[in-house]
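Trainee: Could we go through this structure together? I would like to begin with the packing of its elements.

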Amino acid sequence: MLYRSNRLSEAEPLLARASRDAAGPGARGWALLNLGVCLQRQARDADAERATAEARGLLEEAGDVVGVATADLESGLRLLRQSRYRGCAATLEPVLATFRALGDDARAAELG
């Protein structure tokens, strides 16, 4: 609720704790991914990038294809906001292919 209501400074410590306390790499990965988005929304790009990269590794370890694609999506969008277009395209093209392969037409439509 805090995260969605843009009370990010209150949400951040709760997401950080969830990322430490969650059971298993998948749950920890999703908690870290949400923390990364929270940090990004606070314009803390370097911290967000670290959290997202760690989340991606955990989600990959858990075999969570959607989670990995979502982490890559967040990374690609961060590159876009930073006007790093080549890196953005290289990151988002595989994400689009993954969502299409999974039949997630809504998310694929958002990208392409």
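Mentor: What follows goes through helix pairs, single helices and a few residues of this predicted model.

Trainee: At what angle do helix 1 and helix 2 pack?

Mentor: Helix 1 (residues 8-21) and helix 2 (residues 24-41) pack at about 155 degrees, and their axes are 8 Å apart. That angle makes helix 1 roughly antiparallel to helix 2. The crossing of helix 1 past helix 2 is left-handed.

Trainee: Which residues make that contact?

Mentor: From helix 1 come Leu8, Ala11, Glu12, Leu15, Ala16, Ala18, Ser19 and Arg20. Helix 2 contributes Arg28, Ala31, Leu32, Asn34, Leu35, Cys38, Leu39 and Arg41. By class, the residues in this contact of helix 1 with helix 2 are 10 nonpolar, two polar and four charged.

Trainee: And how do helix 2 and helix 3 pack?

Mentor: Helix 2 and helix 3 have axes 8 Å apart and an angle of about 160 degrees between them. Helix 2 passes helix 3 in a left-handed crossing. On the helix 2 side, the contact is made by Pro25, Gly26, Arg28, Gly29, Trp30, Leu32, Leu33, Gly36, Leu39 and Gln40. On the helix 3 side, Asp45, Asp47, Ala48, Ala51, Thr52, Glu54, Ala55, Leu58, Leu59 and Glu61 take part.

Trainee: What is the make-up of that contact by class?

Mentor: The contact of helix 2 with helix 3 has 10 nonpolar, five polar and five charged residues.

Trainee: How far apart are the end C-alpha atoms of helix 2?

Mentor: They are 26 Å apart, which agrees with the 26 Å that 18 residues should span at 1.5 Å a residue.

Trainee: What about Ala31: buried or exposed?

Mentor: Ala31, in helix 2, counts as buried because its relative accessibility is 11%, and the cut-off for buried is under 20%. Apart from neighbours within four places in sequence, Ala31 is in contact with Leu15, Ala18 and Ser19. The C-alpha atoms of Ala31 and Ala55 are separated by 7.8 Å, although the two residues lie 24 residues apart along the chain.

Trainee: What follows helix 2?

Mentor: Ala43 follows helix 2, in the loop between helix 2 and helix 3. Its phi is near 60 degrees, a positive value in a residue other than glycine. Ala43 is exposed, with a relative accessible area of 65%.

Trainee: Which loop holds Ser83?

Mentor: Ser83 is in the loop between helix 4 and helix 5. Ser83 has a positive phi of about 60 degrees, although it is not a glycine. At 43% relative accessibility, Ser83 counts as partly exposed.

Trainee: Now helix 5. Which of its residues are buried, and what covers them?

Mentor: Cys88, Thr91, Leu92, Val95, Leu96 and Phe99 are the buried residues of helix 5. Their cover includes helix 4 and helix 6 (105-111). Helix 5 (residues 85-101) has 17 residues and reaches 24 Å from its first C-alpha to its last, close to the 24 Å expected at 1.5 Å a residue. Just after helix 5, Gly103 has a positive phi of about 75 degrees.

Trainee: And where is Gly87?

Mentor: Gly87 is in helix 5. Gly87 is partly exposed, with a relative accessible area of 30%. From C-alpha to C-alpha, Gly87 and Ser75 are 9.5 Å apart in space, and they are 12 residues apart in sequence.

Technical notes:
Residues numbered from 1 in each chain as written. Predicted model: local features only at pLDDT ≥ 70, side-chain atom pairs only at ≥ 80, totals over all residues. Heavy atoms only, no water. Axes fitted to C-alpha atoms, helices over the stretch in contact; angles between N-to-C directions. Helix = DSSP H or I, 4+ residues; strand = E, 2+ residues; numbered from the N terminus. Parallel < 35°, antiparallel > 145°, perpendicular 65-115°, else oblique. Left-handed = near helix turned anticlockwise from the far one by under 90°. Contact = heavy atoms within 4.5 Å. Nonpolar A, V, L, I, M, F, W, Y, C, P; charged D, E, K, R; others polar. Expected span 1.5 Å × (residues − 1). Buried < 20%, exposed > 50% of the residue type's maximum accessible area, 1.4 Å probe, protein only.
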